[in-house]
Structures are given as C-alpha cells and as structure tokens.
Amino acid sequence: MSDNKPVIRTDAPAPEGFEGEGFFATKLSSVIGMARKFSLWPLPFATSCCGIEFMATLNPTYDASRFGMERNSFSPRQADMLMVCGTISKKLGPVLKEVYTQMAEPKWVVAVGACASSGGIFDTYSVLQGIDKIIPVDVYVPGCPPRPEQIIEGVMQVQALSESESIRRRDMPEYQKLLDSYNISN
C-alpha cells in the first residue's frame, strides 16, 4: 500500500537579499510582496454556477488554503481579493461597484467565468457584458463554468501580481487615472 499523503510545505522561499550568520537583509518591498502573496483574503461575490465551482476550490480535494486564501471574508473591509463568480445583472452592477470601493488598498479583482468576464451566453439588455465595464479587473478566468484548477490558476496569477507589485504603485498618477476612468475616487 502506498502512502498518498500530500506534502505540506511550511516555509516560503526567502526573497533575494544578503545573509550571514544570524542576519538577513533585503528590500522592504520584497518582504511586503512575499507577505501579500501568502495572505490573500478573498471576498466571494458569487451569483450562479461559477460560485459552486469556487466553493469546490475550498474543499479538501483542491484545498485553496495551500495558496494562503484559507480565510474567506464576507466583509469588503476585511478582504483584498474580490472574486466575482457568475452573471452580474445591470441592477446588481452598482452593488458590486460599492463593494469594490469599500475594499481597502491594495485590492485585486478576479473575474471568474464567461459571465463575469464578458456576459457569457446572456447577451441581453439586463446582463452586464463584463464586470470590467464598472470596475478594473486584474485576472480573467475563462470557462463556463471554469474548473477549480482554473480558478486556482487565477489565484496564482493574483499571487504573482501581489508579490511583484511596487508598494508605491497605488499612489502613482497612472493608478489614480485608471480609477478616475471608472468614476471611482480613491
């Protein structure tokens, strides 16, 4: 009988820096990036079948806690990754935008599935044709609905963004210009 226990890794690779006996020195932005990467708190905004697939990523088979997103937050003030899963109607759009604006910086948005990304098969007057019409999106996860592996890949892309993003990027005029284009005040 073989032992098929998963290998759990508890140590993250150290950022680039200088080390010697009893000390380690690196850039502050590298340490902050590493901390952000392994402590994403997702806010699931699930409206349809993509929400069920998102829930599947949390079960023991896929175990999203391996990626530092063990704690789902259901308050926008305590989350930094908005996971929009499913169809967003035009009436629900202002609610989604309000949730986004209540989140503290830095924040990332993942559009999960065809409906959140482009309206999916619902090319109607009542369905928003992609959430990027009202809020900026960092990662798009394709599929109808996407498999849990695809959602995990999207989370890993957000991890890469959060780790490499400058701690000053959110204060730059370009970022403020992006928010202004969505009529969002920072």
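This is a predicted model: local features need pLDDT of at least 70, side-chain atom pairs count only at pLDDT 80 or more; totals for chains, interfaces and linings use all residues.
The largest nonpolar core comprises 22 residues, among which L82, V84, L96, Y100, I131 and I135 touch the most other members. At least two residues of this core are supplied by each of β3 (42-46), β4 (81-85), α3 (93-102), β5 (108-112) and α6 (173-181), and the largest share, three residues, comes from α3. When residues up to four places away in sequence are not counted, L96 touches F45, L82, V84, I88, I131, I134 and I135. A second, separate core contains 19 residues, including F67, M83, V112 and I151.

Helix α2 (residues 49-57) packs with helix α5 (residues 148-164) at an angle of about 75°, the axes lying 8 Å apart, and the two helices are therefore roughly perpendicular to each other. In this pairing, E53, F54, A56 and T57 of α2 meet P148, I151 and I152 of α5; by class, the contact has five nonpolar residues, one polar residue and one charged residue.

With a disulfide taken as a pair of cysteine sulfur atoms within 2.5 Å, the count in the model comes to zero. C85 is in no disulfide, the nearest cysteine sulfur being that of C50, 6.5 Å away, and C85 counts as buried because its relative accessibility is 0%. For C144, the closest cysteine sulfur belongs to C115 and lies 5.6 Å from the sulfur of C144, which is too far for a bond; at 55% relative accessibility, C144 counts as exposed.

Terms used: Residues are numbered from 1 along each chain as its sequence is written. Side-chain values use heavy atoms; hydrogens and water are left out. Axes are lines fitted to C-alpha atoms, for helices over the stretch in contact, and angles run from 0 to 180 degrees between N-to-C directions. Helices (H or I, at least four residues) and strands (E, at least two) are DSSP runs, numbered from the N terminus. Angles under 35 degrees count as roughly parallel, over 145 as roughly antiparallel, 65 to 115 as roughly perpendicular and the rest as oblique. Contact means heavy atoms within 4.5 Å. Ala, Val, Leu, Ile, Met, Phe, Trp, Tyr, Cys and Pro count as nonpolar, Asp, Glu, Lys and Arg as charged, and the others, Gly among them, as polar. Buried means under 20% relative accessible area, exposed over 50%, partly exposed in between (1.4 Å probe, protein chains only). A nonpolar core is a set of buried Ala, Val, Leu, Ile, Met, Phe, Trp, Tyr and Cys residues joined through side-chain atoms within 4.5 Å.
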